[in-house]
Amino acid sequence: MDVVFDRGVYLPEVGLWLDALRKQDTSVISHAHSDHTARHRRPVLTPGTRLLLGEYLDRSEPVELDFGQTLDFPDCTITLYPAGHCLGSAQTLVEIKATGERLLYTGDLRVQPSPINEGHQPVPCDVLVIESTYGRPDYVFPPQEEAIGTAVRVVAQWIEQGAVPVVMGWRLGKAQEALYHLLSAGFRVACEDSVYEIAQRYEQAGVVFPGEYRPGNGECREGEAMLFPPGRKSREMVNRIKPERRPVRYLELTGWAAGPGVKPWGRGRPGDASLPYSDHADFNDLVAYVDTVRPRQVYTVFGFPDLADHLRRKGYSAIHLGKNATEADRAFQMPLL
Ligand SMILES: [Zn+2]
């Protein structure tokens, strides 16, 4: 089955777009991160993703599809399954009517459990289109509890030293997970306003955060942890509101902290500390996922081509579809044993 990757995944045989970045008549939106969305006329998405996207889709006619519910198209049906990446994130199973083939598009995938997301579900398929954000053997994350435990100790230490501790995580998903873990550890937390608003939407979806948190754009209080998205704007804002003479310390939670040359204490990353914690699958999780769903053809998208190389060596027919794809990525394919 042909799979085209061109600012989204397109299946020409059935005329279906998945995560198209240009406006389409109909496209699945796998989850609410902006690198997977556009204002389609009829976006197909889960109620959780719809809730997170809010007014972004005001001019669209969204088609909400619960996990496990099937939507009929002329040449295929689609069913959404949890992807575990953030609230509402979905894998899409496309079943082709003419051939009976099953194509699974993972979108962004997270295999490890999260306290605030629907847990991922492996979906057996014939053709797998899988993300490879961390699809390079360097990116193997330690157990989540380890990164969280270290983060909690570091933040407590900074508070004790009189510093303003700022935890950085992407505003949608990662930040709310960090919020959950910080509250579980007993911290009071002030969130950057957009992080706070998105946490409120998680609550609307039924997520219960284990403690008190507040919007934090206006003021920095003694003894609190601050939770902000990464980036220059956050640093400028924290510098504006921090009390005089209190130093600011930044702790970054990101899968890139597992990369070569990165040291946990500030070398190679923008924070004072960087800990490997991600809402994506790491390399081993991705390979294990492929082994679980047993496709006869794999396409990798969004990340490193190394995952496809590795899968070919394991005997899968695997192709990396990406801007940097070369003929070499397509070579040496072996049939699945
Ligand atoms: Zn994402």
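Strands β8 (residues 76-82) and β9 (residues 90-96) run antiparallel and are joined by 7 bridges. L80 has T92 in β9 as its bridge partner. Strands pair if DSSP finds at least two bridges between them. Helices (H or I, at least four residues) and strands (E, at least two) are DSSP runs, numbered from the N terminus.

This is a predicted model: local features need pLDDT of at least 70, side-chain atom pairs count only at pLDDT 80 or more, and totals for chains, interfaces and linings use all residues. Residues are numbered from 1 along each chain as its sequence is written.

**The sheet**

β8 and β9 belong to an open sheet of 7 strands, ordered β7-β8-β9-β10-β11-β18-β19. The pairing is mixed. β7 (70-72) and β19 (317-320) are the edge strands; each has a single partner strand, so one side of each lacks a neighbour in the sheet. On average, neighbouring strands are turned by 20° against each other, direction ignored.

Angles run from 0 to 180 degrees between N-to-C directions; axes are lines fitted to C-alpha atoms, for helices over the stretch in contact. Residues are in contact if their C-beta atoms, placed from the backbone, lie within 7 Å.

| Helix | Lies across | Angle |
|---|---|---|
| α6 (residues 283-293) | β10 (102-105), β11 (127-131), β18 (297-301) | about 165° to β11 |
| α7 (residues 306-313) | β18, β19 | about 165° to β19 |

**A helix pair**

Two packed helices are described by the angle between their axes and the distance between the axes. For α3 (residues 174-184) and α4 (residues 193-204), the axes come within 9 Å and cross at roughly 80°. α3 and α4 are therefore roughly perpendicular to each other (65 to 115 degrees; under 35 is roughly parallel, over 145 roughly antiparallel, the rest oblique). From α3, A175, Q176 and L179 meet V195, I198, A199 and Y202 of α4. The contact residues divide into 6 nonpolar, 1 polar and no charged. Here Ala, Val, Leu, Ile, Met, Phe, Trp, Tyr, Cys and Pro count as nonpolar, Asp, Glu, Lys and Arg as charged, and the others, Gly among them, as polar.

**The whole protein**

The protein has 8 helices and 19 strands. Its radius of gyration is 21 Å, close to the 20 Å from the globule rule for 337 residues, so the protein is as compact as a globular protein of that length. The radius is taken over C-alpha atoms; the rule is 2.2 Å times the number of residues to the power 0.38. Along the principal axes, the C-alpha atoms fill a box of roughly 70 × 45 × 30 Å.

Notes:
Two residues are in contact if their C-beta atoms, placed from the backbone, lie within 7 Å.
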